[in-house]
Amino acid sequence: MNGLSTILIVVGLFLAGGVYSFVKQDMPKSLIVLLSIGAGMCLVAGVLRLEVWS
């Protein structure tokens with residue numbers, strides 16, 4: 001069960017880095033919001049899977 005949690009956390013951190021990059025490049029706000037929601041969902045799902053199934 002920890003493999004999927006690790007993948008979700010890594011993808012969430014990757015998306016969070018994308019949010020930072022898009023903010024620095026002055027990309028459209030809607031794209032930044034969408035990417036940040038995806039990053040948050042991946043991080044929360046990964047952490048919850050670690051906590052619930054450990």
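This is a predicted model: local features need pLDDT of at least 70, side-chain atom pairs count only at pLDDT 80 or more; totals for chains, interfaces and linings use all residues.
Let me begin with a definition: the expected span of a helix is 1.5 Å times one less than its number of residues. With that in hand, we can look at helix H1, which has 23 residues and reaches 33 Å from its first C-alpha to its last, close to the 33 Å expected at 1.5 Å a residue.

Let me step back to the whole chain. The protein chain has two helices and zero strands, and its C-alpha atoms fill a box of roughly 40 × 15 × 10 Å when the box is taken along the principal axes. Of the 54 residues in the chain, 22% are buried. The chain exposes about 3900 Å², and carbon and sulfur atoms supply 75% of that area. As for how the chain meets itself, if we take the contacts between residues at least 6 apart in sequence, 69% of them join residues at least 24 apart.

Now to the inward side of H1. Which residues of H1 are buried? They are Ser5, Leu8, Gly12, Leu15, Gly18 and Val19, and what covers them includes helix H2, which runs over residues 29-52. In general, an α-helix has 3.6 residues a turn, so residues three or four places apart point the same way.

Ser5 deserves a moment of its own. This residue of helix H1 has a relative accessible area of 0%, and it counts as buried because that value is under the 20% cut-off. Leaving out residues up to four places away in sequence, Ser5 touches Gly46, Arg49 and Leu50. Ser5 and Leu43, for their part, are 38 residues apart in sequence, while their C-alpha atoms are 8.8 Å apart in space.

Next, the nonpolar core. The largest one is made up of six residues, namely Leu15, Val19, Ile32, Leu35, Ala39 and Cys42. H1 and H2 each supply at least two residues of this core, and H2 gives the most to it, with four residues. If we pick out Ile32 and set aside its neighbours within four places in sequence, we find it in contact with Val19, Phe22, Val23 and Met27.

Val11 lies in helix H1, which covers residues 2-24. Is Val11 buried, exposed or partly exposed? Its relative accessible area is 35%, and it is therefore partly exposed, since that value falls between the 20% and 50% cut-offs.

Finally, the link between the helices. Asp26 is found in the loop between H1 and H2, and just after H1 it takes a positive phi of about 55 degrees, although Asp26 is not a glycine. At 68% relative accessibility, Asp26 counts as exposed, because the cut-off for that word is over 50%.

Key
Residues are numbered from 1 along each chain as its sequence is written. Side-chain values use heavy atoms; hydrogens and water are left out. Buried means under 20% relative accessible area, exposed over 50%, partly exposed in between (1.4 Å probe, protein chains only). Contact means heavy atoms within 4.5 Å. Accessible areas come from the Shrake-Rupley method with a 1.4 Å probe; for residues, only the protein chains shown count as cover. A nonpolar core is a set of buried Ala, Val, Leu, Ile, Met, Phe, Trp, Tyr and Cys residues joined through side-chain atoms within 4.5 Å.
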